[in-house]
Amino acid sequence: PRAWKTGQRHIMNVAEELELLGGVARTHQLTKRGGSSTEITIAWAENVIDRVRKGVYAVDRRTPIAVAAAHGGALTCVSALEACGIWLVSAPDCPHVEVGANGRVHPHEDCKCIDHHTSGRTRFGVVSCADALITAMSCLEPEAFIVAFESAWRLRRIGDHDRARIIAAAPERLRLLLSHARPDADSGLETVFRLRMSRLGVVLDTQVSIPTVGRVDFLIGRVIVELDGRLNHDGRSERHRDLARDAAAARLGYRVLRFDYAMVMHNWARVERTV
């Protein structure tokens, strides 16, 4: 432990140490790092930090990890995946919290948390991406789970050992789908499209490079399929680039189909008929 600074800024060191500990910590974790119970109490009294429950403090009680700590554990399942930047079919509408065998659920204001009990010890913060995926098997439909798995793989949030552990923990039906997972999808939207086309028996190639056109999302025979995600293709320059690529593809005899996020996720029947 390093010595905390002294003088007028001594209570600010409590917030700094909390940040280093991930935003949430118990009193004894802070005192181990050189502080005192008095400094912690003063920092809380002067609104430098928040107390989420007795003996547990946070930089900001409104953050998801602070809500999870108030409930009695760490963010897990889809909440942890969201915190890790994993592409999800739909965002979680309430916190999913891991509660350890030595812990318990604590009542707190406006609680809508979903409990996930584990045989391990209680912890705060965010569980690992691999652990979150294993827990999420019980909450996500197979398609949504594959989307999250491929996103985590693409973002290098899980390695070879993690993938093997996740596949081993999966039920047989999901394990079969995971055996066909791949890390080259630029977004979860591409994973959704590929899975649904595969279920229809449509043979497609992914991430294909075509001279003068560039890399396209999918190629089905002479048909190019491009997916425009939620955050892409909104600007004028992006629109111009897309039109130029489409013109180059047309000169080579390709037909280009473009679908956006809303069409794939909310009007799939129309996408399917068009393809």
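## Lining of the second largest pocket

The second largest pocket is lined by Glu141, Pro142, Glu143, Ile146, Arg173, Leu177, His180, Arg182, Arg194, Leu195, Ser198 and Arg199, where a pocket is an open set of points on a 1 Å grid over the protein atoms alone, with protein on both sides within 12 Å along at least five of seven lines, and lining residues have an atom within 4 Å of a point. Helix H7 (142-154), helix H9 (172-178) and helix H10 (188-199) each give two or more residues to this lining, helices being DSSP runs of H or I with at least four residues and strands runs of E with at least two, numbered from the N terminus. H10 supplies the largest share, four residues.

## Basis of the model

The model is predicted, and local features need pLDDT of at least 70, side-chain atom pairs count only at pLDDT 80 or more, and totals for chains, interfaces and linings use all residues. Residues are numbered from 1 along each chain as its sequence is written, while side-chain values use heavy atoms, with hydrogens and water left out.

Three strands form an open sheet in the order E1-E3-E2 with antiparallel pairing, pairing requiring at least two DSSP bridges between two strands. Strand E1 (24-26) and strand E2 (50-53) are the edge strands. E2 pairs with strand E3 (residues 56-58) over three bridges, and arginine 51 stands opposite tyrosine 57 in E3.

Helix H4 (residues 64-71) packs on the sheet and touches E1, E2 and E3, contact meaning heavy atoms within 4.5 Å. The direction of H4 makes about 40° with that of E2, angles running from 0 to 180 degrees between N-to-C directions of lines fitted to C-alpha atoms, for helices over the stretch in contact.

How values were computed. 1 Å grid on protein atoms, 1.4 Å probe; cavity = no way out; pocket = protein on both sides within 12 Å on 5 of 7 lines; lining within 4 Å.
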